[in-house]
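Trainee: Hi! I have a new structure to get to know today. Could you walk me through it?
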Amino acid sequence: MAETRHTKVLIIGSGPAGYTAGVYASRAMLEPILVQGIEPGGQLTTTTEVENYPGFTEVQGPDLMIKMQEHAQAMGCEIIGDIITDLDLSKRPFTAKGDSGNTYTADAVILATGARAKWLGMESEEKFKGFGVSACATCDGFFYRSQEIVVVGGGNTAVEEALFLTNFASKVTLIHRRDELRAEKILQNRLEKNPKIETLWFNQLDEVYGTDAPLGVEGVKVKNVKTGEITDIPCKGVFIAIGHAPASELVKDTLDTHMGGYVVTKPGTTQTSVPGVFAAGDLTDHIYRQAVTSAGMGCMAALDAERFLAEQDD
Ligand code: FAD
Ligand code: NAP
């Protein structure tokens, strides 16, 4: 049966920002409720090795997120498997509606809804999504054993995905629209050394083609951005790795956003344009977008919420 729960601090999101906020808000005796959303553990659950989270020379992304969840729970954070579908920030207590039918009211809200994969927006990409076109190598790479694959993008995600996919694929072609990668040098070095990966510079995906019954990819046509020349690349899998967009749908009409939807916070704090509402992690960060920076902002959001609530009690 649907119920209404009240909490001093409602944390929305279960990535590094949300769980870290959970640890700090619990230790401040705020008895927070954390709603996990559709992707418990957040983006790191879609990757393999994480090598840059302090304290771990190497850890699997999903394992790190389980440790963070356990840490938050051990400190007293209540973790709920629900998705917030509506958030009313017009008056306090704030009200959030869950997909479960439950309602959550809160004296302060910490938004940590992170970011989601971007797509190119092509008709043929949409047609084969889930049938050869993917944005998650860790989730879908296994389906392409001994097959040829293309990866689109030039950032850390694209290079990591290309490297990871060589575990399965016979060949990986990385398609990038420029002749320079954004990815860290260490990843670029690994890419260059990998004999299974070929990089096609100055090219963009033009079309994904394949069969209708059964629905499946047979190849892509790519276009040289300088010459317009079209090249046909036969492949069974297409991984789009062109970055992420902030998951700010819940608040895009109620909070100040910028740079394509990132929630604006007061410099040096996690305070949004509505007092009592704090934002942390990739939702608000268009520059660093790392697990450790998200965790740091989660800590800041909990401390900011604690200070805000203490001021209300004065
Ligand atoms: P996210 O991890 O994006 O989590 C967002 C959370 O919000 C999710 O739990 C989701 O379910 C929840 N949510 C969204 N909407 C709702 C809603 N309506 N209701 C309730 N909950 C909701 N960073 C590194 O530092 N090192 C790496 O090695 C690294 N590797 C990466 C590999 C890949 C493939 C990707 C995609 C990213 C990688 N990153 C890495 C970046 C890192 O994952 C992010 O910076 C970090 O996860 C952001 O954390 P976050 O807490 O802000 O949000
Ligand atoms: P990103 O750094 O924003 O890179 C996106 C890439 O996709 C860029 O190379 C961009 O090209 C290309 N691109 C964007 N739109 C395109 C389009 N329409 N058509 C063709 N190409 C397009 O995104 P990301 O790689 O997902 O990384 C996101 C954040 O997560 C970064 O901060 C990154 O450091 C972090 N991350 C970290 C790790 C790690 O630390 N190991 C791993 C993964 C992600 P241009 O270069 O030409 O703009």
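Trainee: What is the strand order in the open sheet of three strands?
Mentor: The order is β14-β15-β16, and the pairing is antiparallel. Keep in mind that this is a predicted model.
Trainee: Which strands stand at the edges?
Mentor: Those are β14 (203–212) and β16 (230–234). Each has a single partner strand, so one side of each is left without a neighbour in the sheet.
Trainee: And how many degrees does the twist average from one strand to the next?
Mentor: The average is 25 degrees.
Trainee: Over how many bridges do β15 and β16 pair?
Mentor: Five bridges, in the antiparallel sense, with β15 covering residues 215–224. To find the spot on screen, look for V222, which stands opposite T231 in β16.
Trainee: Nice. Changing topic: which residues come nearest to ligand 1?
Mentor: There are 34 residues around ligand 1, and S14, Q36, E39, Q43 and N52 come nearest.
Trainee: Which elements each supply at least two residues of that shell?
Mentor: Helix α1 (16–27), strand β9 (115–117) and helix α7 (291–313). By class, the shell around ligand 1 holds 13 nonpolar, 16 polar and five charged residues.
Trainee: What lies close to the oxygen atoms of ligand 1, backbone or side chain?
Mentor: You can find both. A backbone N or O atom of A17 is 2.9 Å from an oxygen atom of the ligand, and for a backbone N or O atom of P16 the distance is 3.2 Å. From a side chain, an N or O atom of Q290 lies 3.2 Å from an oxygen atom of ligand 1.
Trainee: How much of ligand 1 does the protein bury?
Mentor: Taken alone, ligand 1 exposes 990 Å², and the protein buries 94% of that.
Trainee: Now ligand 2. Which residues come nearest there?
Mentor: Of the 21 residues around ligand 2, the nearest are N52, T157, E160, R178 and R182. A polar side-chain atom of R182 lies 2.7 Å from an oxygen atom of ligand 2, and an N or O atom in the side chain of N156 is 2.9 Å from an oxygen atom of ligand 2.
Trainee: How much of this ligand is buried?
Mentor: The protein buries 80% of the 920 Å² that ligand 2 exposes when taken alone.
Trainee: Which helix gives the largest share of its shell?
Mentor: Helix α5 (residues 156–165), with three residues.
Trainee: And which domains does the shell draw on?
Mentor: At least three residues come from each of domain 1 (4–116 + 245–313) and domain 2 (119–240).

Definitions and conventions. Residues are numbered from 1 along each chain as its sequence is written. Chains are lettered from A and ligands numbered from 1 in the order in which they are written. This is a predicted model: local features need pLDDT of at least 70, side-chain atom pairs count only at pLDDT 80 or more; totals for chains, interfaces and linings use all residues. Side-chain values use heavy atoms; hydrogens and water are left out. A residue is near a molecule or strand if one of its heavy atoms lies within 4 Å of it. A polar contact is a pair of N or O atoms within 3.5 Å; within protein, one must be able to donate a hydrogen and the other to accept it, and residues adjacent in sequence count only if both atoms are side-chain atoms. Accessible areas come from the Shrake-Rupley method with a 1.4 Å probe; for residues, only the protein chains shown count as cover. Helices (H or I, at least four residues) and strands (E, at least two) are DSSP runs, numbered from the N terminus. Ala, Val, Leu, Ile, Met, Phe, Trp, Tyr, Cys and Pro count as nonpolar, Asp, Glu, Lys and Arg as charged, and the others, Gly among them, as polar. Two strands pair if DSSP finds at least two bridges between them. Axes are lines fitted to C-alpha atoms, for helices over the stretch in contact, and angles run from 0 to 180 degrees between N-to-C directions. Domain bounds come from an automatic or database domain assignment.
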